[in-house]
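Thanks for coming. Please keep the picture in view while I talk.

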Amino acid sequence: FHAKQIPQALAGQHWVITAGPTMEAIDPVRYISNHSSGKMGYALAASAISRGATVTLVSGPVQCTPPAGVNLIKVKSADEMLAACESNMDTPASVFIGAAAVADFKMKTATDQKMKKTSDSDEMQLTLVKNPDIIATLAQDKRANIMVGFAAETQNVIDYAKSKLERKGLDIIIANDVSRADIGFNQDENQVTVITKQTSWEPAKAAKSELANQLVDFICQHSQSTPS
Ligand code: CTP
Ligand code: CA
């Protein structure tokens, strides 16, 4: 199977991809976020479009240039990202890829006025609550035929990734060692391990654009071998 020779292999399919960080407001001028660049998610979107898919890209705040032809939906918070995904998956999508680095927590109550330093204490506490798990929610509600997650880990990469595959009800998880400075967050290259219930595969370290093509081809082959 050579998808590069079949550029329209994904014609008629709708892929929904999340990318970038989410940004959780603390007050009108401050936020909680992370170092995700969005590069992997944008590269996956470009690759799926080049194979003929219709692609909805739900993106947190990033500097990336949106690929031509994408349906780009810009969001900030995890709550907004979940709502944008749900409203664009009214009929089940062909594939959902959660490439976003969703903030795990948000403020229990974001204040609508700028928080002031208090003069009586050198410490301050913020009370956070868990964000919704976007990909687990979409998987539970069967909003896509194939659910693909990423697992950002700094240790026990494969074991933790496998447990996320199970816990979130995914078909494929792409494990990423974010402790390495040369790959992953904000880098142009990435090295991953692709894990399904049946197999695992470790493509060579490559530019995110090249890796994206390989991952899209893998997902495409996996979906053809999986009765939906
Ligand atoms: N994810 C999500 N919603 C969240 C958190 C994560 O959709 N609130 C998705 C990510 O987009 C990714 C996958 O879940 O596809 C795994 O994200 P990760 O941060 O590695 O896993 P967590 O479940 O948040 O666990 P932890 O950060 O504690 O390792
Ligand atoms: Ca997390």
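Isoleucine 135 counts as buried, because 27 other C-beta atoms lie within 10 Å of its own and 20 or more is enough for that label. Before I go further: this is a predicted model, so everything I say is about a prediction. Isoleucine 135 sits in helix H3. Setting aside the neighbours within four places in sequence, the contacts of isoleucine 135 are Gly98, Met147, Gly149, Lys168 and Leu170. For a sense of distance, take proline 92, which is 43 residues from isoleucine 135 along the chain. The C-alpha atoms of those two residues are separated by 14 Å.

Now the ligand. Which residues are closest to ligand 1? They are Gly98, Val102, Ile134, Ile135 and Gly149, out of 15 residues that surround the ligand. Two elements give two or more residues to this shell, namely helix H3, residues 134-140, and strand E9, residues 144-153. Of the elements, E9 gives the most, with 4 residues. By type, the shell divides into 8 nonpolar, 4 polar and 3 charged residues.

Glycine 60 and valine 102 are 42 residues apart in sequence, yet their C-alpha atoms are 8.8 Å apart in space. Glycine 60 belongs to the loop between E4 and E5. Is glycine 60 buried or exposed? Glycine 60 is buried, because 26 other C-beta atoms lie within 10 Å. Leaving out the neighbours within four places in sequence, glycine 60 has contacts that include Gly20, Pro21, Thr22 and Met23. Val75, Lys76, Met81 and Ala100 are also among the contacts of glycine 60.

That brings us to the sheet. As background, strands of a sheet pair through backbone hydrogen bonds, and they do so either parallel or antiparallel. Here we have an open sheet of 8 strands with mixed pairing, in the order E5-E4-E1-E6-E9-E10-E12-E13. At the edges are E5 and strand E13, residues 200-201, each of which pairs on one side only.

Start at the E5 end. Strand E4, residues 54-59, is mostly covered, with 5 of its 6 residues buried. On one side, E4 is joined by 4 bridges to strand E5, residues 71-74, and the two run parallel. In that pairing, leucine 57 stands opposite leucine 72 in E5. E4 also pairs with strand E1, residues 14-19, over 6 bridges and again in the parallel sense. There, alanine 19 is opposite serine 59 in E4.

Strand E6, residues 93-98, pairs with E9 in the parallel sense over 5 bridges. Valine 95 has isoleucine 146 in E9 as its bridge partner, and isoleucine 97 stands opposite valine 148 in E9. E9 pairs with strand E10, residues 172-177, in the parallel sense as well, over 6 bridges. An example from that pairing is phenylalanine 150, whose bridge partner in E10 is isoleucine 174.

How does the chain get from E9 to E10? E9, helix H4, residues 157-167, and E10 make a right-handed β-α-β unit. There is also helix H5, residues 208-225, which lies across E6, E9, E10, strand E12, residues 192-196, and E13. H5 runs at about 140° to E9.

Last, two loop residues on either side of E9. Lysine 142 is found in the loop between H3 and E9. Its phi is positive, about 50°, although lysine 142 is not a glycine. Lysine 142 is exposed, because 12 other C-beta atoms lie within 10 Å, and 12 or fewer counts as exposed. Asparagine 156 lies in the loop between E9 and H4. Asparagine 156 is not a glycine either, and its phi is also positive, near 45°. With 10 C-beta neighbours inside 10 Å, asparagine 156 counts as exposed.

That is where I will stop.

Technical notes: Residues are numbered from 1 along each chain as its sequence is written. Chains are lettered from A and ligands numbered from 1 in the order in which they are written. This is a predicted model: local features need pLDDT of at least 70, side-chain atom pairs count only at pLDDT 80 or more; totals for chains, interfaces and linings use all residues. A residue is near a molecule or strand if its C-beta atom, placed from the backbone, lies within 6 Å of it. Ala, Val, Leu, Ile, Met, Phe, Trp, Tyr, Cys and Pro count as nonpolar, Asp, Glu, Lys and Arg as charged, and the others, Gly among them, as polar. Two strands pair if DSSP finds at least two bridges between them. A crossover is right-handed if, with the strands pointing away from the viewer, the path from the first strand over the helix to the second runs clockwise. Two residues are in contact if their C-beta atoms, placed from the backbone, lie within 7 Å. Axes are lines fitted to C-alpha atoms, for helices over the stretch in contact, and angles run from 0 to 180 degrees between N-to-C directions.
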